Amino acid sequence: MSDVFPERVLHAGSITLRPFSADDVEDNRTACADEVVQRWIPLPRPYTVEASVDWCTKTAHTLRESGDGIHFAISDPADGRLLGAVGLKRTDWHELVSEVGYWIAPWARGRGIAAQATRALGHWLLTEQGFERLELKAAVGNIPSRKTAIKAGLHREGILRKAGRLHAGRVDVVLYSLIPADL
Ligand SMILES: CC(C)(COP(=O)(O)OP(=O)(O)OC[C@H]1O[C@@H](n2cnc3c(N)ncnc32)[C@H](O)[C@@H]1OP(=O)(O)O)[C@@H](O)C(=O)NCCC(=O)NCCS
């Protein structure tokens with residue numbers, strides 16, 4: 001088993017998962033500065049143009065090359081516009097376990113896109129990549145993310161006390177998982 005995910009484009013219904021590029025800088029900056037994203041993900045604050053250039057052109061790619069995971073831009077197949085992000089992090093190549101994370105841009109919310117993207121990524125991880133387990137940790141108070149987990153087919157396992165860190169401080173998280181038997 002390789003310890004780096006291959007660069008890929010995944011097609012899932014009305015969305016495409018593709019690598020980030022310089023074309024995403026403006027939309028990525030607007031979305032990552034959004035107050036809902038900032039409430040639930042401890043991204044740099046303020047989220048500057050420089051932070052966005054770094055993510056889109058460098059960090060999103062070096063994290064894949066380092067073996068930590070893989071980060072996809074969720075985009076509209078019609079015009080390529082950035083709709084959100086979904087990615088894998090903290091990958092354990094020995095146990096074949098990885099953790100998913102996501103955000104959806106304000107202009108694309110309310111259409112279940114995060115669930116669609118998570119389902120596609122989970123299927124790819126557990127079939128093509130031969131993994132045993134996908135995990136998702138959502139803050140107890142993050143209801144849209146918890147609904148997304150269930151809608152994507154993940155199973156709720158329990159509460160991890162103070163296992164999450166937000167700008168507001170540490171929080172309890174709900175652990176969800178997807179395993180090959182769920183597919
Ligand atoms: C979580 C997130 C990605 C979901 O975006 P999305 O795919 O557009 O999801 P939707 O808006 O379609 O909502 C998903 C579900 O949550 C529900 N929901 C949305 N906002 C809600 C709210 N304020 N209160 C209660 N339920 C809500 C929707 O009705 C939907 O439920 P349904 O499946 O029963 O119809 C998006 O809210 C987001 O980017 N949040 C900030 C970043 C984040 O929290 N990331 C996850 C960290 S674990």
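This report describes the fold, the surface and selected side-chain contacts of a predicted protein model.

Local features need pLDDT of at least 70 and side-chain atom pairs count only at pLDDT 80 or more, while totals for chains, interfaces and linings use all residues. Residues are numbered from 1 along each chain as its sequence is written, and side-chain values use heavy atoms, with hydrogens and water left out.

**Overall fold**

The protein contains five helices and eight strands. Helices (H or I, at least four residues) and strands (E, at least two) are DSSP runs, numbered from the N terminus. Read from the N terminus, the order of the elements is β-β-α-α-α-β-β-β-α-β-α-β-β. The radius of gyration is 15 Å, close to the 16 Å that the globule rule gives for 183 residues, so the protein is as compact as a globular protein of that length. This radius is taken over C-alpha atoms, and the globule rule is 2.2 Å times the number of residues to the power 0.38. Along the principal axes, the C-alpha atoms fill a box of roughly 40 × 35 × 30 Å.

Of the 183 residues, 47% are buried. Buried means under 20% relative accessible area, exposed over 50%, and partly exposed in between (1.4 Å probe, protein chains only). Contact means heavy atoms within 4.5 Å; among contacts between residues at least 6 apart in sequence, 61% join residues at least 24 apart.

**Surface and charge**

The accessible surface comes to about 9200 Å², and carbon and sulfur atoms account for 52% of it. Accessible areas come from the Shrake-Rupley method with a 1.4 Å probe; for residues, only the protein chains shown count as cover. The protein has 23 positive and 23 negative charges, whose mean positions are 8 Å apart. Lys and Arg count as positive and Asp and Glu as negative, whereas His and the chain ends are not counted. Each charge is placed at NZ of Lys, CZ of Arg, CG of Asp or CD of Glu.

**Aromatic pairs**

Rings of Phe, Tyr and Trp (its six-membered ring) pair if their centres lie within 6.5 Å; planes under 30 degrees apart count as stacked, over 60 as edge-to-face and the rest as tilted. The count comes to six aromatic pairs. Two of these pairs are tabulated here.

| Pair | Centre to centre | Angle between planes | Class |
|---|---|---|---|
| Phe5 and Trp93 | 4.7 Å | 45° | tilted |
| Phe72 and Trp124 | 6.0 Å | 85° | edge-to-face |

Phe5 lies in the segment before strand 1 (10-12) and Trp93 in the loop between strand 4 (82-92) and strand 5 (97-104), 88 residues apart. Phe5 is buried, with a relative accessible area of 1%, and Trp93 is buried at 18%. Phe72 belongs to strand 3 (residues 70-75) and Trp124 to helix 4 (residues 113-126), so their pair ties together parts that are 52 residues apart in sequence. Both Phe72 and Trp124 are buried. Ring pairs join Phe5, Phe72, Trp93, Trp124 and Phe131 into a cluster.

Ile113 is found in helix 4 and is buried, with a relative accessible area of 3%. Leaving aside neighbours within four places in sequence, Ile113 is in contact with Ile15, Ile74, Leu83, Ile104 and Ala108. The C-alpha atoms of Ile113 and Gly13 are separated by 9.9 Å, although these residues are 100 residues apart along the chain.

Thr148 is located in helix 5 (residues 143-151) and is buried, with a relative accessible area of 13%. Not counting residues up to four places away in sequence, Thr148 touches Tyr102, Ala114 and Ala115.
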